[in-house]
Structure formats: structure tokens, C-alpha cells
There are 2 protein chains.
Amino acid sequence: MTTAAIQNETPAATTSSLSQTDVVLQGIKHMITTGALGPGSRLPIEKDLAVSLGVSRGSLREGVRALCIMGVLETRQGDGTYVTSLDSSLLLAPMGFMVDLQAPEHRHDLHTVRRILESEAAARAALYITDEQLAEAAEILAEVSPLIVAGDNLDHEAIMEADIAFHHVVAQGANNSALSALIDALANRTQRARMWLGLHNHGQVVASHGEHMAILGALKAHHPDRARLLMGHHLLVVEDYVQDQPALEEDQ
Amino acid sequence: MTTAAIQNETPAATTSSLSQTDVVLQGIKHMITTGALGPGSRLPIEKDLAVSLGVSRGSLREGVRALCIMGVLETRQGDGTYVTSLDSSLLLAPMGFMVDLQAPEHRHDLHTVRRILESEAAARAALYITDEQLAEAAEILAEVSPLIVAGDNLDHEAIMEADIAFHHVVAQGANNSALSALIDALANRTQRARMWLGLHNHGQVVASHGEHMAILGALKAHHPDRARLLMGHHLLVVEDYVQDQPALEEDQ
DNA sequence: GGGCTAGATTGATCAGATGAATAAGCGGCA
DNA sequence: TGCCGCTTATTCATCTGATCAATCTAGCCC
């Protein structure tokens with residue numbers, strides 16, 4: 001059975017048998033939600049915590065490790081185990097891992113969600129983005145310009161990095177930590193790499209850069225509607241490029 | 001250190017030391033993404049897999065358990081370990097756990113994201129919802145009507161369950177598995193319970209029910225714009241109720 | 001042929017031991 | 001006195017072996 005502590009437990013399921021790992025997860029979660037443990041707190045040492053939760057050290061470690069992976073805890077060998085800052089960016093980052101595992105037939109749904117979120121984020125960024133973030137976005141795009149006039153053999157890697165950075169700054173500009181963390185998770189490096197495999201056409205790369213410039217212009221002018229539409233259109237177009245060239249499966 | 005396999009690893013970080021658990025996570029992820037393991041596949045038995053990945057059974061179990069918690073794997077004692085269906089609903093469900101751990105000061109951000117997603121989902125539901133789903137939503141609301149005329153001592157539990165069910169059906173109606181799974185994760189039972197603690201005023205409950213009816217009407221009429229605005233307004237109003245009555249921290 | 005039991009398979013959990021990384025305390029030196 | 005380096009204790013990381021419980025399989029009995 002899939003471990004029950006995480007999947008939304010119905011009240012009835014609470015009575016069903018719990019694995020030892022579930023005991024650890026719920027125990028630590030309870031300690032955090034009740035305030036017994038706050039961000040940065042240090043947990044009792046493995047041996048003591050195992051005893052207090054009534055499980056062996058091995059089972060405790062399985063639970064602690066799972067919480068580490070989810071970004072809730074952080075272990076430092078020779079020091080101890082600590083609660084992280086519990087920031088949205090940390091807690092939502094593991095979602096990128098799961099997004100990578102989505103079956104190909106569900107990718108369209110994910111793109112749609114990403115488009116919804118990034119469009120709205122662009123609109124909010126037009127209202128809330130700081131001058132520093134505007135400057136950062138402008139600099140990212142300025143560094144791309146010389147790359148795309150180079151001709152045929154483009155530095156796809158560098159352009160893709162800039163693409164990721166630009167969208168990240170825009171998401172940050174929306175001034176909503178959960179929103180930007182979610183966008184980062186949905187548009188992680190694996191997804192973007194998959195997408196850029198479909199953008200081998202030089203004209204498409206140039207067009208994409210132009211769309212980025214237009215979005216930046218809308219942000220500078222603080223026009224939410226323009227930013228929303230330009231971002232939505234930009235993602236729509238990129239999706240279409242990939243749709244038209246769907247093959248190309250790679251590993252690593 | 002927070003386990004590195006999940007947090008988006010930069011290319012440089014790939015060279016840094018990997019914990020044994022990371023080896024397991026990346027190894028199994030690789031097996032899935034390359035198609036060596038598909039949904040429903042059975043993994044090699046613990047001992048063999050541990051040998052093939054070059055780790056001990058304890059470390060293997062930590063990694064496998066973590067993937068179980070994330071909804072990727074499923075173990076059946078006495079049988080074996082299997083890959084799940086990898087559906088969006090399974091893979092995004094653990095997000096609810098992390099959402100619960102968000103610091104109170106970030107809850108406003110989460111509400112905003114939820115409002116963005118549910119508004120858009122309502123609009124899409126107006127286009128794509130099936131007659132069966134419409135009937136189900138109508139029945140859910142019909143069962144609430146007698147509950148809220150009861151007078152003062154309402155059955156908050158039943159009304160909240162109906163609230164969750166209604167929003168769930170609407171999200172399902174959008175015909176986008178990732179979108180509905182994300183909404184379910186953001187609006188899980190813990191969050192809803194927290195929200196309903198602020199809805200002790202009878203008039204607010206009645207108003208909320210009326211808003212649900214209006215949303216259902218927009219869905220029946222297949223009016224996306226009306227559905228989007230009504231849902232957005234509904235969530236905005238509910239948030240305001242909770243904002244005005246912010247205290248009330250409970251455990252359990 | 002159908003149902004039941006015994007053995008094999010496999011994960012769940014525990015206990016113990018060893019290694020590695022870090023922190024803290026201590027003493028020596030300028 | 002103040003600072004640096006070493007030693008020691010603490011703590012997590014990992015491995016090994018064992019026992020228990022759940023499940024499946026195969027063979028037996030009726």
C-alpha cells in the first residue's frame with residue numbers, strides 16, 4: 001500500500017493500521033504544526049526520537065529521510081537534524097521530481113496549468129515587480145541577443161538557461177512565494193529541456209526572444225493585461241512548436 | 001544537507017557527493033523515465049535491486065519508502081514493489097502535506113494561487129463538464145439545503161464535506177487531471193477545516209451556499225466568464241471571512 | 001475439479017556495529 | 001590575554017544479520 005500518512009487520509013482511514021514510517025511522519029508533522037518544532041529547530045537525536053516515537057532507528061531514519069526529500073527536514077552529519085525554513089520554494093520544489101514522472105499523455109494538461117499560472121504571474125508582476133527585478137530581466141535578455149544573431153549553430157544550452165532565468169524572474173516579480181515556487185516546479189529543467197528539443201528552428205528561437213522582449217516591455221510599462229496576454233500567447237506558441245515535433249525522446 | 005536528488009540539481013551539483021538514497025532515487029527515476037519500468041511494473045526484489053544499485057538494503061528501503069510516500073511506488077508485503085499508475089492525482093497528492101506545513105504568514109499566498117486555479121477551472125468546467133458531473137454537483141448542493149435551514153446549531157462537518165465535494169466536482173469538470181489534482185492538494189481537508197473555523201456565522205454559511213448555487217447555474221448554462229467570476233468572488237469572500245477572524249489555532 | 005494446507009517468497013521491522021563528519025573543549029604558544 | 005591547532009565526544013550514514021508477518025504457489029485431500 002502507498003504510505004498513508006501523506007495521501008489525504010479520510011477520518012475513517014485514521015483507524016486503519018499505520019506503518020512505523022507513518023508514525024514518524026505524523027509525529028514530526030504534529031510537532032511542527034503544534035509549534036513544538038519551528039523553522040530552524042533542532043530535533044532530538046535519532047536514538048531518543050526513535051524511543052519517544054516508539055520505533056526503531058531504522059524506521060525513524062526512513063521517515064526522517066522522506067521528510068528531508070520533501071524539504072521539511074535537513075540533516076547534518078555530525079551535527080544533528082533540523083527543521084528547514086519551510087519556505088514555499090523548498091516545500092514545493094520536490095513537485096518538479098513528480099512532474100518529471102508524469103506520463104507523456106498528461107503533459108498537455110501540465111502545460112495548460114503552467115500557462116494559467118505564468119499568465120497570471122506575469123499580470124501580477126506588471127503590478128509588483130521591482131526595479132531591480134526589471135533590470136535583472138532586461139540584462140538576461142540583453143545577453144541573449146548576441147547569441148541568437150550568431151547564425152545557424154546556436155548555443156542552445158545558454159539560450160535555454162536564459163529562458164529559464166527570465167521566466168523565473170517574472171514569476172518572482174509577482175510577489176507571491178507560493179505562485180513562483182509552483183511555476184518553478186512545473187517548469188523545471190527537465191521540462192524545459194524537453195521543450196527546447198522541439199525548438200531547433202532558428203526562426204522559432206528568434207520569435208521566442210522577441211516575445212520575451214515584448215513581455216518585458218509590458219512589465220516595464222506596468223500593463224497587467226498586456227503582460228498576461230503576451231505571456232499566455234508566448235507559452236501557447238512554444239507548446240505548438242513542441243506539439244508539431246513531438247518525437248525526440250532522449251534519456252539523461 | 002537536504003537530499004539532493006529531488007531538489008533541482010544544477011549541472012555542477014551532479015558532481016557533488018551523492019548519498020546512497022540519492023543513488024536509489026535517481027536510479028529508479030531513470031528506470032521509469034527510460035521506460036525500463038512503466039506504470040504497474042514490478043520492481044526486482046529488495047535484495048537484488050540493492051545489489052544492482054550498489055547499496056545496502058537499508059539504504060534501498062529509505063529510497064523506496066520515500067518514493068512510496070510521493071506516490072511513485074507501492075509496496076505490498078509478501079508480494080513485491082510496484083510502480084503506481086503515475087496519475088496526476090497520485091503524484092500531486094503529497095503536496096497537500098507540504099501545504100499543511102506552510103507558515104501562517106504564507107497562507108495568503110496559497111489562497112491566492114488556489115483562487116487563480118479554481119477560477120480558471122470553473123471557467124473550463126463551464127465548457128467541458130459532463131451531464132453526470134452536473135447532476136452530481138446539483139445533488140451535493142441539494143443535500144446541503146435542508147442542513148442550513150436547520151437554524152442555529154448547524155452540522156458544520158456535513159456542510160464542510162459537501163463544500164469539499166462540490167469544489168472537487170467542479171475541478172474535475174475542467175477535464176484537466178493536473179489542474180484538478182493541484183486544486184485538491186491546495187484545498188485539502190486541513191486547509192478547509194481551518195477555513196471553516198472562521199465561518200461560524202450562520203449568514204456566511206447561507207451566503208456561501210448561495211454562491212455555490214450560482215456557480216452551478218453558470219456551469220449548467222455553460223457560461224465560462226460567469227463561472228470564472230462567480231468562483232473567484234466566492235473564494236475571495238470566504239477568504240475575507242477568515243481574515244476577519246484570524247485567531248483560533250487548534251491542534252489535532 | 002474444488003477447496004485447503006504447507007512451504008516459499010517478499011517486504012516490515014528491529015538490533016547492533018562501524019565509519020565519517022562535525023562541534024566543542026582543551027592546552028600550547030605568541 | 002587572545003588565538004590557533006589538536007583531541008575527544010557527539011551525531012548522522014551505512015552496512016549486516018536476524019526475526020516476523022503477509023502473500024503467493026504448489027501440492028494434497030476430498
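Residues are numbered from 1 along each chain as its sequence is written, while chains are lettered from A and ligands numbered from 1 in the order in which they are written. As the model is predicted, local features need pLDDT of at least 70 and side-chain atom pairs count only at pLDDT 80 or more, whereas totals for chains, interfaces and linings use all residues.

The pLDDT is the predictor's confidence in each residue, from 0 to 100. Chain A has an average pLDDT of 86, and 87% of its residues score at least 70. Within chain A, helix H6 (residues 107-128) has the highest confidence, with a mean of 96, and helix H10 (residues 189-196) the lowest, with a mean of 83. In residues 8-16 of chain A the pLDDT is below 50, and this stretch has 7 contacts in the model beyond near neighbours in sequence. Residues 246-252 of chain A also have a pLDDT below 50, with 4 contacts beyond near neighbours in sequence. Two residues are in contact here if their C-beta atoms, placed from the backbone, lie within 7 Å.

Chain A has 12 helices and 2 strands. Both are DSSP runs numbered from the N terminus: helices are H or I runs of at least four residues, and strands are E runs of at least two. Along the sequence of chain A the order is α-α-α-β-β-α-α-α-α-α-α-α-α-α. An automatic or database domain assignment gives the domain bounds; chain A is divided into domain 1 (12-86) and domain 2 (91-244). The C-alpha centres of domain 1 and domain 2 of chain A are 36 Å apart.

How much of chain A is buried? Of its 252 residues, 40% count as buried. A residue is buried if 20 or more other C-beta atoms lie within 10 Å of its own, exposed if 12 or fewer, and partly exposed in between, with C-beta atoms placed from the backbone. Of the contacts in chain A between residues at least 6 apart in sequence, 68% join residues at least 24 apart.

The largest nonpolar core has 125 residues, of which Leu182(A), Ala227(A), Leu182(B) and Ala227(B) touch the most other members. Such a core is a set of buried Ala, Val, Leu, Ile, Met, Phe, Trp, Tyr and Cys residues joined through C-beta atoms within 7 Å. Apart from neighbours within four places in sequence, Ala227(A) is in contact with Ala122(A), Ala123(A), Ala125(A), Ala126(A), Ile215(A), Ala218(A) and Leu219(A).

The contact between the chains takes 54 residues from chain A and 53 residues from chain B. On the side of chain A that touches chain B, at least two residues each come from helix H1 (20-33), helix H3 (57-69), strand E1 (73-76), helix H4 (88-92), helix H5 (94-100), H6 and helix H9 (177-186). By class, this side of chain A has 25 nonpolar, 18 polar and 11 charged residues. Ala, Val, Leu, Ile, Met, Phe, Trp, Tyr, Cys and Pro count as nonpolar, Asp, Glu, Lys and Arg as charged, and the others, Gly among them, as polar.

A residue is near a strand if its C-beta atom, placed from the backbone, lies within 6 Å of it. Around DNA strand C there are 19 residues, of which Ser56(A), Ser59(A), Gly78(A), Ile45(B) and Glu46(B) come nearest. The elements giving two or more residues to this surface are H1 and H3 of chain A and strand E2 (80-83) of chain B. The surface near DNA strand C has 2 nonpolar, 13 polar and 4 charged residues.

Around DNA strand D there are 20 residues, and those that come nearest are Ile45(A), Glu46(A), Ser56(B), Ser59(B) and Gly78(B). Here strand E2 (80-83) of chain A, together with helix H1 (20-33) and helix H3 (57-69) of chain B, gives two or more residues per element. H3(B) gives the most, with 3 residues.

Two loop residues remain. His222(A) is in the loop between helix H11 (202-220) and helix H12 (224-244) of chain A, and its phi is near 55°, a positive value in a residue other than glycine. Most residues other than glycine have a negative phi. His222(A) counts as partly exposed because it has 14 C-beta neighbours inside 10 Å. Leu127(A), in helix H6 of chain A, touches His222(A) and Pro224(A), not counting residues up to four places away in sequence. The C-alpha atoms of Leu127(A) and His222(A) are separated by 5.7 Å, with the two residues 95 apart along the chain. In chain B, Asn175(B) lies in the loop between helix H8 (156-173) and helix H9 (177-186), with a positive phi near 60°.
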